[in-house]
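Please look over the sequence and the model, then read the notes below topic by topic.

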Amino acid sequence: MINRMIAVRHDHDETQRDLAQSIGWHQVQIARYETGKVTPPINYLIAFCEHYNVSADYILGLPRGLEWPR
């Protein structure tokens, strides 16, 4: 998960500081997530996915085509 998040951020040519300013988090906290010292909370995952317009399924490494409960 973390490697995908870092890759997405790099693909958008953003630093941790750029991301932090855009989504209202502290750069130090993002660094802790990216180094694996702390597991990112769900509200960070949501903000990250919305900022980069990427699905949480992709970030979490889930396969495509999963069935939704109906």
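In sorting the residues of a lining, Ala, Val, Leu, Ile, Met, Phe, Trp, Tyr, Cys and Pro count as nonpolar, Asp, Glu, Lys and Arg as charged, and the others, Gly among them, as polar. The model is predicted, so that local features need pLDDT of at least 70 and side-chain atom pairs count only at pLDDT 80 or more, while totals for chains, interfaces and linings use all residues. Residues are numbered from 1 along each chain as its sequence is written, and side-chain values use heavy atoms, with hydrogens and water left out.

**The largest pocket**

- The largest pocket holds about 230 Å³ of space, a volume being the space filled by probe spheres set on grid points that are joined across faces, edges and corners.
- On a 1 Å grid over the protein atoms alone, a pocket is an open set of points with protein on both sides within 12 Å along at least five of seven lines, whereas a cavity is a set of points where a 1.4 Å probe fits but cannot get out; lining residues have an atom within 4 Å of a point.
- The lining of the largest pocket is made up of Arg4, Ser55, Asp57, Tyr58, Leu62, Pro63, Arg64, Gly65, Leu66, Glu67, Trp68 and Pro69, and these residues divide into six nonpolar, two polar and four charged.

- Helices (H or I, at least four residues) and strands (E, at least two) are DSSP runs, numbered from the N terminus.
- Buried means under 20% relative accessible area, exposed over 50%, and partly exposed in between, with a 1.4 Å probe and protein chains only.
- In helix α1, which spans residues 2-11, the buried residues are Ile2, Met5, Ile6, Val8 and Arg9. Seen down the axis of α1, these buried residues fall within an arc of 160°, so they line one face of the helix; the arc is that of the directions from the helix axis to the C-beta atoms.
- Asn3 and Asp11 are exposed on the other side of α1.
- The cover over the buried residues of α1 includes α2 (16-23), α3 (27-35), α4 (42-52) and α5 (56-60), where contact means heavy atoms within 4.5 Å.
- Asp13 lies in the loop between α1 and α2 and has a positive phi near 50° although this residue is not glycine; at 70% relative accessibility, Asp13 counts as exposed.

- Asn53, in the loop between α4 and α5, has a positive phi of about 55° without being a glycine, and counts as exposed at 73% relative accessibility.

**Aromatic pairs**

- The structure holds five aromatic pairs; rings of Phe, Tyr and Trp (its six-membered ring) pair if their centres lie within 6.5 Å, and planes under 30 degrees apart count as stacked, over 60 as edge-to-face and the rest as tilted.
- One of these pairs is Trp25 with Tyr33, which is edge-to-face, at 6.1 Å centre to centre and 65° between the planes. Trp25 is partly exposed at 22% relative accessibility, whereas Tyr33 is buried at 4%.
- Tyr44 and Phe48 form a tilted pair, at 6.1 Å centre to centre and 45° between the planes; because they are four residues apart in helix α4, they are separated by about one helical turn.
- Trp25, Tyr33, Tyr44, Phe48 and Tyr52 form one aromatic cluster.
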